[in-house]
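Keep the sequence and the 3D view side by side.

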Amino acid sequence: MIVRVERIRKDAVVPQRASNQAVGYDVWASIVLDKNTKKPIQELPVKIEPGKSALIGIGVCFAVPFPIQCEVRPRSGLASKYDIELSNSPGTVDPDFRGEIGILLRNRGDKSFTVKKEMRVAQLIFSKVTIPVLEKTKELPKTLRGAGGFGSTGLFEIREGTEIYQKQIEEMDRFYMRIVLAVAARSNCVRGVKRINGKYERDKKGSFVGQTRRFGCVIVQGDNIISMGFNAQYKGSPFCSEVGCLREAENIPSGTKIERCRAIHAEMMAMTKMLVSGVGTSTQGATMYVNTEPCEICAKLIVMMGVDTLAILKGVYPTNGMKIIREGGVNIRYVEMID
C-alpha cells in the first residue's frame, strides 16, 4: 500500500514509525490551527490550560487510497504522564480529504501543558475498511443479546458469548485435526519400523507396523481447505521401504541434520502443492493444522507465508521451530482431541 504525503511547510516532519514492528506512525507538531477555519493562527509553542484544547497542525496532508482509513489516535505517553488526550479520539482521515491533518489536543490534567514544535503529539493507524450495502428489512435475525444496549451485559457477570465462541473454535479445531490425522496416515516414512528378513513389517491393510512418524498438515482459509500434505519421499526419490531409511543408515539423531532425509515434511508438501496446482489462493491470515510441532525450516516458511494461526495437536514432542513461530507473531493453539 502506498500513501502519498505532501508537506505543506518545508520544516514539517513526515510521520514515521518509532520501531520496526510498530503499527502506528508518530506525528510531529508543526503549527496551531484555528478550530473553525483550520487555518494557521499561531506558531509553536502554545500553552494548553487545564480543561482547554488546541488544534495542532502536523504540516502534511495525505492521499489515502480507498477503502483505507487513517485513524488518529492518542499517544499513551502523553495521556499517562500529562493527561493530554484527543478530544475526538479516534479521529479519521478519509480517503478524499486533502487538507492539513489536525490533532485536537485536550488537557484533562490540573496543570498547564506546553506543546512545542516537532513534539510527537499523536499517532496514525492505517487499516482497510469494508464498505457495506445497507439493505432495508422488516425483521432482523434473532440474537442472544437482542435489543440490550448500554450496560445490558453488566459490569461483572460473564455472559455466554465468549464461551459459545470458544466452543465453536474447539469444535472446528477438532474437525480439521481429524482430517490432519487422516492425511498423516498416508505417510510412508519407515524410520523406527522393524524389518523381518530385510523387509519392513506390514499389517493386513498394508500399513507399516509400529510406524510412529506419520505427520500431516492442512491449510485452512475461510473455513475451506486450500492445501494439505504429509511426510513422504520427494518426487523421483527411491522409496525408503525398498532401500532403507537414509537417516538410520547414517545414524543421524532425531531432530538433527534435517536436510539428510529423502522425505519432505508435511508442511512443505502442503506449500508446494499450492504452487504446483496454481490455485492462487493466498495464505495470508490462514490457519495451519499440524499433528506435530514444525522444525526450524518449516517454521521459517510458515512465518513468511503470513499464516495467522498454527493449530497443533496437544501432547506432541517439542521442537526448535516453535521459537521461530512465536518470534514471527503467529498465533498458536493446541488442539485436544476428545475420544
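Does C295 count as buried or exposed? C295 counts as buried, at 11% relative accessibility. Bear in mind that this is a predicted model. C298 counts as buried too, at 0% relative accessibility.

A disulfide is a covalent bond between the sulfur atoms of two cysteines. A search of the whole structure finds 0 of them. For C295, the nearest cysteine sulfur is that of C298, 3.7 Å away. For C298, the nearest cysteine sulfur is in turn that of C295. A disulfide needs the sulfur atoms within 2.5 Å. At 3.7 Å, C295 is in no disulfide, and C298 is in none either.

Now step back to the whole chain. The protein has 339 residues, and 37% of them count as buried. Its secondary structure comprises 7 helices and 23 strands. Take the contacts between residues at least 6 apart in sequence: 64% of them join residues at least 24 apart. The accessible surface comes to about 21500 Å². Carbon and sulfur atoms account for 52% of that surface.

Helix 5 runs over residues 266-277, which makes 12 residues. From its first C-alpha to its last, helix 5 reaches 16 Å, close to the 16 Å expected at 1.5 Å a residue. Which residues of helix 5 are buried? They are A266, E267, M268, M269, A270, M271 and M274. These buried residues pack against several strands, including strand 17 (216-221), strand 18 (224-230) and strand 21 (287-290). Strand 19 (232-233) and strand 20 (263-264) are also among their partners, as is helix 6 (296-304).

S227 gives a close-up of this packing. S227 sits in strand 18. At 6% relative accessibility, S227 counts as buried. A polar atom of the S227 side chain lies 2.5 Å from the backbone oxygen of A270. Leaving out residues up to four places away in sequence, S227 touches C217, V218, I219, A270, K273 and M274. Of these, A270 and M274 are buried residues of helix 5.

Next come the aromatic rings. A search of the whole structure finds 5 aromatic pairs. One of them joins F62 and F126. Their ring centres are 6.0 Å apart, with 35° between the planes, and the pair is tilted. F62 lies in strand 8 (residues 60-63) and F126 in strand 14 (residues 120-128), so the pair ties together parts that are 64 residues apart in sequence. F126 counts as partly exposed, at 21%.

Start with E100, in the loop between strand 11 (91-93) and strand 12 (102-107). Is E100 buried or exposed? E100 counts as buried, at 14% relative accessibility. A polar atom of its side chain lies 3.3 Å from the backbone nitrogen of I58. Residues up to four places away in sequence aside, E100 touches I8, R9, I31, L33, G57, I58, G59, V60 and C61.

P50 lies in another loop, between strand 6 (46-48) and strand 7 (53-57). At 34% relative accessibility, P50 counts as partly exposed. P50 and D110 are 60 residues apart along the chain, yet their C-alpha atoms are separated by 5.3 Å. Not counting residues up to four places away in sequence, P50 touches N107, G109, D110, K111 and S112.

Finish with K314. K314 is in the loop between strand 22 (309-313) and helix 7 (321-327). With residues up to four places away in sequence left out, K314 touches Y334, V335 and E336.

Conventions:
Residues are numbered from 1 along each chain as its sequence is written. This is a predicted model: local features need pLDDT of at least 70, side-chain atom pairs count only at pLDDT 80 or more; totals for chains, interfaces and linings use all residues. Side-chain values use heavy atoms; hydrogens and water are left out. Helices (H or I, at least four residues) and strands (E, at least two) are DSSP runs, numbered from the N terminus. Buried means under 20% relative accessible area, exposed over 50%, partly exposed in between (1.4 Å probe, protein chains only). Contact means heavy atoms within 4.5 Å. Accessible areas come from the Shrake-Rupley method with a 1.4 Å probe; for residues, only the protein chains shown count as cover. The expected span of a helix is 1.5 Å times one less than its number of residues. Rings of Phe, Tyr and Trp (its six-membered ring) pair if their centres lie within 6.5 Å; planes under 30 degrees apart count as stacked, over 60 as edge-to-face and the rest as tilted. A polar contact is a pair of N or O atoms within 3.5 Å; within protein, one must be able to donate a hydrogen and the other to accept it, and residues adjacent in sequence count only if both atoms are side-chain atoms.
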